[in-house]
Amino acid sequence: MSATEPLNRRQMAWRAAQDVTDGLVVNLGIGMPVNVADYLRPGIDVFFQSENGVIGAGPLASPERADPDLVDAGSRRITLRPGAAIVDSAWSFAMIRGGHIDVSILGAFEVAANGDLANWDMRVPNKGPLVGGAMDLAVGARAVWVIMEHTTRAGAPRLVEACTLPLTATRCVRRVYTDLAVVDVTPEGFRVREMLAGLTQADLAARTGAPLTFAPDCGRLAPPPIANAD
Amino acid sequence: MAIDKRVGSAAEALADVGDGAIVFITGFGGAGFPNLLIRALRDRAPKDLTLVVNSATHRYSLTHELIEAGLVRKVICSAARGHGKELSPFEQLWKAGKIELVCLPQGTFTECIRAGGAGIPAFYTAVGCGTELARGKEVRSFEGRDYVLERAITGDVALVRADTADRYGNLTFRYAQLNFGPVMATAAKLVVAEVRAVTSEPIPPERVQLPGTFVDRVVTVPA
């Protein structure tokens, strides 16, 4: 795999994990974000909160140790880390809404240049709504990071001037990790922190639906090889 | 008479649940679904129920049996999406206009129930502001930030899954079973718990996770 290929889903989670610093309380959304837990830098000690009330979620349980009462918000059978606690839903969302989560890492369909987030409703005909804790996490966490592909499968940009899908929350996203770049949401709009080697600024701009600026120290996005397990 | 909240069967525990009841159902992610009580409620078959349940479609909950049996008029939840390509029973009836749906952000859902059980009629939250889920709701600004007014939820009966109980109705929960049990038990007129086991001795006070004063009836799930 050449270093100039777009990141796979595991590599995107790896890149977000590199920014998780020691001592944080982090909520990982369903899908790509839960993989962040697998790629923390050595020595980083954090608590992962799951919205069903688990504070200190550990790795997935092995089949023989899986316990149907010990699950995360994605219904996955998990383990607990040392120091973990379990609270009820009211307390869990007091934690989320009250600003006691340092970083919420979410998947998304679209992020707008002002930080608006659309990640809960794709308007699939006839399907029932599923909002879960997405809005609470987007509004209440101290920082919201998004992991998503830079464009849709059809090639339409997901980083846009204004979201076309229903909003989860307004002006909440601080940073976006895509398969092509790491992009901050700033008062001046999208600012590229890192981008894939071999991609020009014009290439990236062409795949983005809103103006980009580039940080003076804009670096190379260079993940290690990781097999895509998803 | 000495307090004893143990009841012989789920059917007996739900014997006075009537048509039109607002029913809370615990459970999240596979943990804490009161499936014995849900099935007993389906067998009792009261009509025009309102379900207050985090997910109307979770594959490990028997909530769908109440929906399929045509007993449900309205669902208040944070998740109502089926899992397969086929529409779930809930989605079919909702699309046919036979079930009314109120979708709330999960933390708002919980807080509405907590408020209802704590004697608070409504509260403001920033969650949902500027989204479709706040449409038609009052918005008020505090210190320069917008908040949505959300109304409390109270109900007639709560079906709660727990791990152990004592004769006083005190409950303990295993791991993530806890989820909606405490808030739902405060907001319903009748609270029925299904548990794995009833202890012969009172649960030590410091280990009680839901005080028996909130619980009316306890049923043991057959092993």
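This is a predicted model: local features need pLDDT of at least 70, side-chain atom pairs count only at pLDDT 80 or more; totals for chains, interfaces and linings use all residues.
The pairing of β8(B) can be followed through two partners. Strand β1 (residues 22–25) of chain B runs parallel to β8(B) and is joined to it by three bridges; in this pairing, B:Phe24 stands opposite B:Ala158. Strand β11 (residues 188–195) of chain B is also parallel to β8(B), and six bridges connect the two.

Attention now passes to the contact between the chains. Chain B contributes 42 residues to the contact and chain A contributes 35 residues. On the side of chain B that touches chain A, helices α4 (89–95), α5 (106–117) and α6 (181–187) each supply at least two residues. The largest share, five residues, comes from α5(B). By class, this side of chain B has 20 nonpolar, 15 polar and seven charged residues.

Helix α5(B) meets helix α2 (residues 89–97) of chain A, and their axes come within 9 Å and cross at roughly 125 degrees. The two helices are therefore oblique to each other, and their crossing is left-handed. From α2(A), A:Ser89, A:Ala90, A:Phe93, A:Ile96 and A:Arg97 meet B:Gln106, B:Gly107, B:Thr110, B:Glu111 and B:Arg114 of α5(B). The residues of this helix contact divide into three nonpolar, four polar and three charged.

Note on methods:
Residues are numbered from 1 along each chain as its sequence is written. Chains are lettered from A and ligands numbered from 1 in the order in which they are written. Two strands pair if DSSP finds at least two bridges between them. Helices (H or I, at least four residues) and strands (E, at least two) are DSSP runs, numbered from the N terminus. Two residues are in contact if their C-beta atoms, placed from the backbone, lie within 7 Å. Ala, Val, Leu, Ile, Met, Phe, Trp, Tyr, Cys and Pro count as nonpolar, Asp, Glu, Lys and Arg as charged, and the others, Gly among them, as polar. Axes are lines fitted to C-alpha atoms, for helices over the stretch in contact, and angles run from 0 to 180 degrees between N-to-C directions. Angles under 35 degrees count as roughly parallel, over 145 as roughly antiparallel, 65 to 115 as roughly perpendicular and the rest as oblique. A crossing is left-handed if the near helix is turned anticlockwise from the far one by less than a right angle, and right-handed if clockwise.
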